[in-house]
Amino acid sequence: MGRLIGWAATAVGVLVVLFVAAAAGVVTAVSGNGYGTGCGAAVATVGTAPGGLSAEQAANAAVIVAVGQRMRVPVRGWVVAVATALQESELVNVRGGPDDSLGLFQQRPSQGWGTPEQLMSPDYAATAFYTRLLAVPGWERLPLTVAAQRVQRSAYPNAYRRHESHSTQIVAAYTGGSLPVCDGVTVAASGWTRPVAAEIGSKFRTGERPGHDGVDLMAPRGTLIRAASAGLVVRVRCNVDNDSWEPTGAAMPCDRDGSPGVRGCGWYVDIRHTGDIVTRYCHMIRQPAVHIGQTVTVGQPIGNVGSSGNSSAPHLHFEVHRSYPANKDNAVDPISFMADRGAHL
Ligand SMILES: [Zn+2]
């Protein structure tokens with residue numbers, strides 16, 4: 001994990017001063033319990049403004065992160081909050097927005113968010129945002145756009161999406177360069193994580209296997225496979241020899257182990273990410289846990305390691321493609337692709 005920490009140390013110059021959790025005086029002013037049950041993270045004060053922010057923007061981002069930590073909101077919530085504030089106010093504590101909107105999150109007194117004076121306090125505004133976010137069922141599994149929209153009821157919900165990567169960078173600058181999440185997955189500041197933690201077997205297009213368009217990750221049978229980054233599931237198929245099928249719910253040829261004599265990817269999933277990057281996950285043990293059209297978050301479980309299709313032993317065959325749809329011509333080396341994003345295989 002040390003190599004992930006290096007991102008903030010070199011790019012931002014972190015002066016690590018552990019944040020001392022403040023008394024919860026502000027929180028008591030808000031109705032509801034206001035506290036999450038998720039993991040927190042040590043918050044650092046950054047020496048220079050992260051992510052190209054001005055000093056004023058960085059100070060406001062620091063408040064949002066600190067309030068999230070104080071309320072024990074999972075780190076994903078900090079990313080949602082910073083992205084929302086980037087969209088609503090560009091992280092500047094502004095008075096006159098449209099209608100009676102105020103402050104970092106452009107919250108409205110007429111909608112029960114608080115008094116104008118309260119909403120001009122970044123600490124109060126962030127607390128109010130998190131309180132409503134935590135009340136959204138399953139918010140951690142929702143795409144950022146949907147989670148933010150449930151809280152904000154914005155007229156332009158899709159606008160939040162374009163701030164996700166910047167927001168992730170900003171929050172990562174306060175948490176040591178990578179985003180800790182509650183179930184032990186470490187997400188790089190780029191928003192990518194390795195799909196399984198395993199030794200590398202066969203590499204991309206070697207001399208012996210020039211047609212091997214991915215990398216083999218030698219995880220044991222049943223290991224959870226995680227989405228390498230947020231995206232949209234665009235393919236879920238069983239592929240054996242020259243045939244492939246979408247899941248029917250009935251038993252399928254990919255439900256049993258394949259062999260080197262069988263061709264095909266077995267049970268597999270394609271996920272389309274920002275920039276039309278596509279990742280592919282092959283040889284799953286059973287029908288994947290996701291369906292076509294489903295949005296997944298980074299690190300979300302999508303299936304389990306198996307040996308279906310062209311496989312002699314359980315492993316994850318992982319591919320990365322530079323454009324959509326994935327094909328042989330746009331496959332790239334997953335090892336260097338992931339290394340470039342700080343999520344080393
Ligand atoms: Zn392979």
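How many bridges join β11 to strand β12 (residues 331-332), and in which sense do the two run? Point 4 below comes back to this; please keep in mind throughout that the model is a predicted one.

1. Let me start with a pair of helices. Two packed helices are described by the angle between their axes and the distance between the axes. Here, helix α3 (residues 75-89) and helix α7 (residues 164-174) have axes that come within 8 Å and cross at roughly 120°. That angle makes α3 oblique to α7, and the crossing in which α3 passes α7 is right-handed.

2. Which residues make this contact? On the α3 side you will find Val75, Trp78, Val79, Val82, Ala83 and Leu86, and on the α7 side Glu164, His166, Ser167, Thr168, Ile170 and Val171. Sorted by class, the contact of α3 with α7 has eight nonpolar residues, three polar ones and one charged one.

3. In sequence Val171 and Ala83 are 88 residues apart, while their C-alpha atoms are 9.8 Å apart in space.

4. Now to the opening question and strand β11 (residues 316-321). β11 and strand β12 (residues 331-332) are joined by two bridges and run antiparallel. One place to look is His321, whose bridge partner in β12 is Ala331.

5. β11 has other pairings too. With strand β8 (residues 278-284), β11 pairs over five bridges in the antiparallel sense; there, Val320 of β11 has Thr279 standing opposite. Strand β3 (residues 215-217) is joined to β11 by three bridges, and these two strands also run antiparallel. For that pairing, follow Val215 to its bridge partner Phe318 in β11.

6. Is β11 mostly covered or mostly open? Mostly covered: six of its six residues are buried. In a regular strand the side chains alternate between the two faces of the sheet. For β11, one side carries Leu316, Phe318 and Val320, the other carries His317, Glu319 and His321, and all of these are buried, so both faces are covered.

Methods
Residues are numbered from 1 along each chain as its sequence is written. This is a predicted model: local features need pLDDT of at least 70, side-chain atom pairs count only at pLDDT 80 or more; totals for chains, interfaces and linings use all residues. Axes are lines fitted to C-alpha atoms, for helices over the stretch in contact, and angles run from 0 to 180 degrees between N-to-C directions. Helices (H or I, at least four residues) and strands (E, at least two) are DSSP runs, numbered from the N terminus. Angles under 35 degrees count as roughly parallel, over 145 as roughly antiparallel, 65 to 115 as roughly perpendicular and the rest as oblique. A crossing is left-handed if the near helix is turned anticlockwise from the far one by less than a right angle, and right-handed if clockwise. Two residues are in contact if their C-beta atoms, placed from the backbone, lie within 7 Å. Ala, Val, Leu, Ile, Met, Phe, Trp, Tyr, Cys and Pro count as nonpolar, Asp, Glu, Lys and Arg as charged, and the others, Gly among them, as polar. A residue is buried if 20 or more other C-beta atoms lie within 10 Å of its own, exposed if 12 or fewer, and partly exposed in between; C-beta atoms are placed from the backbone. Two strands pair if DSSP finds at least two bridges between them.
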